[in-house]
Amino acid sequence: MPLSHTLSKPNTFRKLAETAQAIAETRGSNAKIARCSQYFSTLENDRDLDLAACFLGEGAFSDVSGKRASVGSRTTSTLAADFCEIDYDLVFKPCKTATGSASETIEKLFTNIQEAKDKWSGRGLSLEEVKNIYDRLYEVSSRNDKQQILQESWEQMTPLEVKYFIRIMGRGSLRIGFESKSITSALAKAFDHPVKDIRHVHMLTGSIGKTAVMAKNNQLHEADFQLFQPVAFMLASPVESRSVEDFEAYVAEEKFDGMRCQLHAKGDEVKIFSRDLNDISGSFPEIIKEFAAKELPGTVLDGEICVYKEDTIQPFQLLQQRMGVKKPSKKIQKEYPVALISFDVLYHNEETLFAKPLTERRKLLNELSGEYQLPVTIQKAITAEEDVDVLFKQALEHGNEGLMLKHKHSAYEYGQRKKSWLKVKQPGGSLDTIMMYAHAGSGKRGGTYSDFTLGVSVREDERYEEEFIPIGKAYGGYTDDELKKLNARIKEITAEKYGPTLGLYPDIVIELEFDDIQVNKRTKANYTLRFPRFKAIRWDLSPDDVDTLKDVERLFEEKLNQERLGQAQNPSFEVK
């Protein structure tokens with residue numbers, strides 16, 4: 001069916017999808033930014049710009065909206081199989097396994113299967129119409145209702161639109177090699193503003209769409225902080241990537257094995273926001289109740305939520321029992337009691353403190369701790385690397401992740417990992433894994449296979465029929481020369497190819513380093529690795545040497561049962 005002439009208009013979702021695909025196929029960060037900037041410049045209507053920036057940078061809904069479409073992968077995948085009139089288990093699932101991506105699979109099936117081609121027309125939905133679809137999905141709860149809305153929507157989209165519609169709806173990465181900080185750079189280029197001004201306004205508003213409109217209309221100076229609207233968090237750089245020239249310029253505090261959060265309070269009104277700016281107040285009612293009773297003046301605290309029991313900070317794995325539970329029972333609250341430990345204050349008594357040096361912010365935080373009985377991190381002076389080593393060992397004895405080194409005069413910065421805050425961590429462990437799939441890279445790695453799915457052995461595991469099952473994906477940790485050698489070998493061991501993904505015969509063993517092991521019931525292994533990366537390519541090992549799922553389970557249990565030093569000895573936090 002011929003496509004409508006409206007598809008070329010800037011305010012169509014088709015144009016946004018084409019732009020996203022063009023960015024994915026463009027090499028180099030600056031070239032990607034220029035392409036995105038050009039697209040933003042064509043959007044004359046404020047509402048279209050708001051939606052376009054939101055879709056590309058945040059997802060179906062603004063981060064501060066608290067809304068989610070809540071459409072699972074199985075909901076879209078089974079509907080796609082029906083749309084194509086194919087068997088879900090026999091056809092769709094193997095295709096998805098081969099590509100490593102449900103959205104990629106759906107795009108290719110919709111493009112090539114005649115039964116699907118007969119159903120879609122690509123009539124040129126506007127950005128506003130697509131936003132209305134996301135709103136409808138948010139308002140319904142049953143799978144049947146959601147699939148009916150999806151079916152009606154997909155019939156009006158091209159396969160490329162469907163792919164990006166699904167990715168935007170999922171709020172995950174668009175997988176185009178274009179992070180949110182690149183969106184701010186594109187906005188700065190499109191509307192001729194300094195990047196730092198765009199980042200600052202984005203931090204204040206929490207909305208990339210609202211920031212885009214303010215940039216277009218030269219209203220950045222009007223941005224102001226609002227209590228109970230979360231601001232973007234300051235990030236830290238790994239200490240390995242930033243040499244420390246003057247240790248005396250920093251203070252050290254322990255990096256807790258918990259969940260970063262931001263608490264907003266005024267009187268008996270209290271809200272807690274996660275690092276991705278979601279309102280998670282309902283998951284931690286005891287913290288809300290505790291802070292409501294304190295009746296703080298308008299205040300914003302940056303801190304960490306930890307399971308704190310028997311005078312000890314407990315493993316992150318126990319905190320996972322509370323995360324995502326919107327209304328935890330009294331039993332869960334008793335079994336996994338939590339505490340909020342603050343390490344920074346961003347707003348107090350109608351004054352924003354972002355530009356104040358850390359020393360001033362901490363002085364105020366300590367005063368608030370004494371007046372309102374707030375647990376706060378203990379900061380230690382350091383003068384040399386030896387001091388860091390001693391404190392790092394103590395942090396590990398507490399069961400914490402490591403140390404944070406913070407420059408005494410640092411402002412609260414957003415959008416870049418700078419030298420102001422440094423994190424000192426050690427890997428949670430390593431596993432010898434088998435390379436199962438190779439995925440084509442984008443940007444500067446276009447034309448090579450640079451993303452990899454790694455697996456562990458279940459050959460002798462009575463629970464499984466396969467030889468290997470996935471345990472994680474890794475995207476870095478190798479040199480350019482190693483990547484060339486990997487790609488040469490991958491060509492020789494390719495078992496199947498589907499789109500940008502290769503299924504491989506068991507051959508290449510990768511020693512995979514990771515921060516932690518997490519329970520994930522949605523995966524075949526029931527576990528995933530947290531921040532996996534290459535430690536070494538083990539050309540000397542064979543598939544017979546690969547670690548097993550039972551090794552993963554053993555490591556998980558060891559971390560869970562690790563003896564931890566209580567807070568009575570060399571405490572890592574206190575109430576002033």
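Predicted model: local features only at pLDDT ≥ 70, side-chain atom pairs only at ≥ 80, totals over all residues.
Residues are numbered from 1 along each chain as its sequence is written, and side-chain values use heavy atoms, with hydrogens and water left out.

The domain assignment of the protein chain gives domain 1 (13–169), domain 2 (235–425) and domain 3 (429–560); such bounds come from an automatic or database domain assignment. Between domain 1 and domain 3, the C-alpha centres are separated by 28 Å. Helices (H or I, at least four residues) and strands (E, at least two) are DSSP runs, numbered from the N terminus.

Helix α1 has 13 residues, which should span 18 Å at 1.5 Å a residue, and its end C-alpha atoms are 18 Å apart, in agreement with that value. The expected span of a helix is 1.5 Å times one less than its number of residues. Helix α1 is mostly covered, with 10 of its 13 residues buried; buried means under 20% relative accessible area, exposed over 50%, and partly exposed in between (1.4 Å probe, protein chains only). Among the buried residues of α1 are Phe13, Arg14, Leu16 and Ile23. The buried residues of α1 pack against α2, α3, α8 and α10, where contact means heavy atoms within 4.5 Å.

Buried positions in α8 are Leu127, Val130, Lys131, Ile133, Tyr134, Asp135 and Leu137. These buried residues pack against α1 (13–25), α2 (29–41), α3 (46–57), α9 (143–154) and α10 (159–170). Lysine 131 is 66 residues along the chain from aspartate 197, and their C-alpha atoms are separated by 28 Å. Aspartate 197 itself belongs to helix α12 (residues 195–205) and counts as partly exposed because its relative accessibility is 29%.

Grid points are joined across faces, edges and corners, and a volume is the space filled by probe spheres set on the points. The structure holds one cavity of 30 Å³ or more. Two or more lining residues come from each of β2 (250–255) and α18 (385–397), and β2 gives the most, with three residues. By class, this lining has five nonpolar, two polar and three charged residues. Ala, Val, Leu, Ile, Met, Phe, Trp, Tyr, Cys and Pro count as nonpolar, Asp, Glu, Lys and Arg as charged, and the others, Gly among them, as polar.

Glycine 402, in strand β11 (residues 402–407), is buried, with a relative accessible area of 0%. Leaving aside neighbours within four places in sequence, glycine 402 is in contact with Glu253, Glu254, Lys255, Phe392, Ala395 and Val424.

The second largest pocket has a volume of about 410 Å³. Of its 21 lining residues, Pro427, Gly428, Asp515, Lys559 and Gln562 are the closest to its centre. Elements that give two or more residues to the lining are β13 (429–440), β19 (516–519) and α20 (549–560), and α20 gives the most, with four. The lining comprises six nonpolar, seven polar and eight charged residues, and at least three residues are drawn from each of domain 2 and domain 3.

Arginine 322 lies in the loop between α15 (316–319) and α16 (330–335) and counts as buried, at 0% relative accessibility. Beyond neighbours within four places in sequence, its contacts include Ser283, Phe284, Glu286, Ile332 and Tyr336.

Most residues other than glycine have a negative phi. Serine 70, however, has a positive phi near 50 degrees; this residue is placed in the loop between α3 and α4 (73–84) and is exposed, at 55% relative accessibility. Glutamate 350 likewise has a positive phi, of about 65 degrees, and is found in the loop between β7 (338–348) and β8 (351–352). Its relative accessibility is 70%, and glutamate 350 therefore counts as exposed.

How values were computed: 1 Å grid on protein atoms, 1.4 Å probe; cavity = no way out; pocket = protein on both sides within 12 Å on 5 of 7 lines; lining within 4 Å.
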